[in-house]
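Here is a set of questions and answers about one protein model. Keep the sequence and the 3D view open while you read.

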Amino acid sequence: MRKKVVAGNWKMNTLKDDALKLASEVVNMAKDETPADVTVIMGVPFVHIGSVKALVGGASNVFVAAQNCHTEESGAYTGETSAAMLKSYGVDYVILGHSERREYFKETNAELAKKVDIVLKHEMLPIFCVGEVLEEREAGKQKEVVGQQLEESLFHLSEEEIKKVVIAYEPVWAIGTGKTASSAQAQEMHADIRAMLVSKYGSDVANEISILYGGSCKPSNANEIFGGADVDGGLIGGASLASRDFIDITKSY
Ligand code: 3PY
């Protein structure tokens, strides 16, 4: 059985008090309302990780993700945060390759392969984002683009390693634009990603890997999107900043 996952991506939002309030609401509401088989993840800014992690404590269905990490173990990289640092705060997951990082920080597939490796080395789980931009979709190249992202950043992993990765398909044209892929478009790409995983790793392994949809997912469309046979949950942007909306999405299976 694949893990159902609803992961929030807070991006560069929340001041200290907002972060603690949001995290404590999510923990309390998830305990009472989220179905037991759904893994809830909050992807919080680095500065809040220590305090959010302390607040989450031993909550059984809520986990903490960072939104990035550096490729190297330590050293002279002013302003950066290492995987080992995140692990020392008890971080569970690290979001890697979000389209905003690919676009604004010029992260490449090769660099992301290194980040995936260092996150796994420090026994955290990558949430690895893939997705095409609008021009690529309009040119019918979405499968090729996503295939290349998987090939160059993930397909060097062993079977045991790839099973630890959560993949998030986020069509870039649907991020922060209010546009959402239709449930049919989402399922189609998720099935293509699953097929690529099957041809590389075989169906037993491929069927264990959760594939999340991201891109303007909200309570009003989550149920339909999560209905796709290969859609195992969502990576949630704006709606993860409102505890009520976020928790409602965790109940949308
Ligand atoms: C969005 O939904 O806007 C996202 O980018 C989720 O990561």
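The questions below concern a predicted model, and they go from strands to rings to the ligand.

Q: How many residues of strand 1 are buried?
A: Strand 1 covers residues 4-9. The strand is mostly covered, and the count of buried residues is 5 of its 6.

Q: Which residue in strand 2 is the bridge partner of asparagine 9?
A: Strand 1 and strand 2 (residues 38-43) pair in the parallel sense over 6 bridges. The bridge partner of asparagine 9 in strand 2 is glycine 43.

Q: Which residue in strand 8 is the bridge partner of valine 5?
A: Strand 1 also pairs with strand 8 (residues 233-236), in the parallel sense and over 4 bridges. In strand 8, the partner of valine 5 is glycine 233.

Q: Which residues of strand 4 are buried on one side and on the other?
A: Strand 4 spans residues 93-96, and both of its faces are covered. One side holds Tyr93 and Ile95, and the other holds Val94 and Leu96.

Q: Which residue in strand 5 stands opposite tyrosine 93?
A: Strand 3 (residues 62-66) pairs with strand 4 in the parallel sense over 2 bridges, and there alanine 65 stands opposite tyrosine 93. The chain gets from strand 3 to strand 4 through helix 3 (residues 83-88), in a right-handed β-α-β crossover. Strand 4 also pairs with strand 5 (residues 125-130), in the parallel sense over 4 bridges. In strand 5, the residue opposite tyrosine 93 is leucine 125.

Q: Is histidine 122 buried or exposed?
A: Histidine 122 is in the loop between helix 5 (109-121) and strand 5, and its side chain makes a polar contact of 2.9 Å with the side chain of glutamate 73. Its relative accessibility is 17%. Buried means under 20%, so histidine 122 counts as buried.

Q: How many residues apart in sequence are the parts that phenylalanine 155 and tyrosine 201 tie together?
A: The structure holds 4 aromatic pairs. One of them, phenylalanine 155 with tyrosine 201, is edge-to-face, at 5.7 Å centre to centre and 85° between the planes. Phenylalanine 155 lies in the loop between helix 7 (142-153) and helix 8 (159-162) and tyrosine 201 in helix 9 (residues 183-201), so the parts tied together are apart by 46 residues.

Q: What kind of pair do the rings of phenylalanine 226 and tyrosine 253 form?
A: Phenylalanine 226 is in helix 11 (residues 219-226) and tyrosine 253 in the segment after helix 12 (243-250), 27 residues apart. Phenylalanine 226 is buried at 6% relative accessible area, whereas tyrosine 253 is partly exposed at 33%. The ring centres are 4.9 Å apart and the planes are at 35°, so the pair is tilted.

Q: Over which ring does the charged end of arginine 101 sit?
A: The charged end of arginine 101 is 4.1 Å from the centre of the ring. That ring belongs to phenylalanine 105.

Q: How far from an oxygen atom of the ligand does a polar side-chain atom of histidine 98 lie?
A: The residues around the ligand include Asn9, His98 and Gly215. A polar side-chain atom of asparagine 9 lies 3.2 Å from a ligand oxygen, and a polar backbone atom of glycine 215 is 3.5 Å from a ligand oxygen. For the polar side-chain atom of histidine 98, the distance is 2.8 Å.

Technical notes:
Residues are numbered from 1 along each chain as its sequence is written. This is a predicted model: local features need pLDDT of at least 70, side-chain atom pairs count only at pLDDT 80 or more; totals for chains, interfaces and linings use all residues. Side-chain values use heavy atoms; hydrogens and water are left out. Buried means under 20% relative accessible area, exposed over 50%, partly exposed in between (1.4 Å probe, protein chains only). Two strands pair if DSSP finds at least two bridges between them. A crossover is right-handed if, with the strands pointing away from the viewer, the path from the first strand over the helix to the second runs clockwise. Rings of Phe, Tyr and Trp (its six-membered ring) pair if their centres lie within 6.5 Å; planes under 30 degrees apart count as stacked, over 60 as edge-to-face and the rest as tilted. A charge sits over a ring if NZ of Lys or CZ of Arg is within 6 Å of the ring centre and within 35 degrees of the ring normal. A residue is near a molecule or strand if one of its heavy atoms lies within 4 Å of it. A polar contact is a pair of N or O atoms within 3.5 Å; within protein, one must be able to donate a hydrogen and the other to accept it, and residues adjacent in sequence count only if both atoms are side-chain atoms.
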